[in-house]
Amino acid sequence: MSTKGKRLIWVGPADGANSKPSNIEGVATQATILPGSVVIQAAASAGFELSDIAATLFGNPFVVADKDQMRAKSVDDLWAINENMVAIQPRSGEYLNVLVITTQALVIGTPLARSSTDGALKIAVTPATVGATSEEILCYADEIVTTGATQLVRVRVA
């Protein structure tokens, strides 16, 4: 999953009062939550599960699983089920490393939306195509990369 240079989930900015992310704690309700995954509050608990929200549903919180820094784990270490985990609710303009699905050809500024199946992001459908349903843009790619597999990509929050 991680590549050289991808050791963090929250990247910045480090500009005074806005230098720390907004953290949310909860229990991991799935054993497949990787740091950088888009997560949602689980319906039956105070925990987190991978996001399955459709990209066409607007207004849902954008929350990303952080890595387990308390136990010095890496971005490659899954959160264990029933383990207390930390997620980040980023603010506009912040930079994160977030999972993006396979075969996405990204350039700086590519709009990204939820993939709605696995807690990752994908290139957003915009209403430039006649009859296309637009998707909520959560962030924009901040690097040039074609994802060969689901991988962490640096993004700027919309």
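Tutor: Buried means under 20% relative accessible area, exposed means over 50%, and partly exposed lies in between, with a 1.4 Å probe and protein chains only. Ser 115 has 9% relative accessibility, so Ser 115 counts as buried. This is a predicted model, where local features need pLDDT of at least 70, side-chain atom pairs count only at pLDDT 80 or more, and totals for chains, interfaces and linings use all residues. Residues are numbered from 1 along each chain as its sequence is written, and side-chain values use heavy atoms, with hydrogens and water left out.

Student: Where is the place of Ser 115?

Tutor: Strands (E, at least two residues) and helices (H or I, at least four) are DSSP runs, numbered from the N terminus. Ser 115 sits in the loop between β9 (111–114) and β10 (121–123).

Student: Which side chain joins Ser 115 in a polar contact?

Tutor: A polar contact is a pair of N or O atoms within 3.5 Å; within protein, one must be able to donate a hydrogen and the other to accept it, and residues adjacent in sequence count only if both atoms are side-chain atoms. Here the Asp 118 side chain is the partner, at 2.7 Å. Plain contact means heavy atoms within 4.5 Å. Neighbours within four places in sequence aside, Ser 115 contacts Ile 101, Ala 120, Leu 121 and Lys 122.

Student: Which residues have the most contacts inside the largest nonpolar core?

Tutor: A nonpolar core is a set of buried Ala, Val, Leu, Ile, Met, Phe, Trp, Tyr and Cys residues joined through side-chain atoms within 4.5 Å. In the largest, of 25 residues, they are Phe 62, Leu 96, Leu 112 and Leu 121. At least two residues of this core come from each of β7 (95–100), β11 (139–141) and β13 (151–157). Another core lies apart from it, with 10 residues, including Phe 48 and Val 63. As for Leu 121, not counting residues up to four places away in sequence, its contacts include Val 38, Leu 112 and Cys 139.

Student: How is the lining of the largest pocket split by class?

Tutor: Rolling a probe the size of a water molecule over the atoms shows where empty space is left. The lining has 7 nonpolar, 3 polar and 4 charged residues. Ala, Val, Leu, Ile, Met, Phe, Trp, Tyr, Cys and Pro count as nonpolar, Asp, Glu, Lys and Arg as charged, and the others, Gly among them, as polar. β6 (84–88) gives the most to this lining, with 3 residues.

Student: Is Glu 83 buried or exposed?

Tutor: Glu 83 is buried, with a relative accessible area of 15%. Its side chain reaches the backbone nitrogen of Ala 80 at 2.8 Å.
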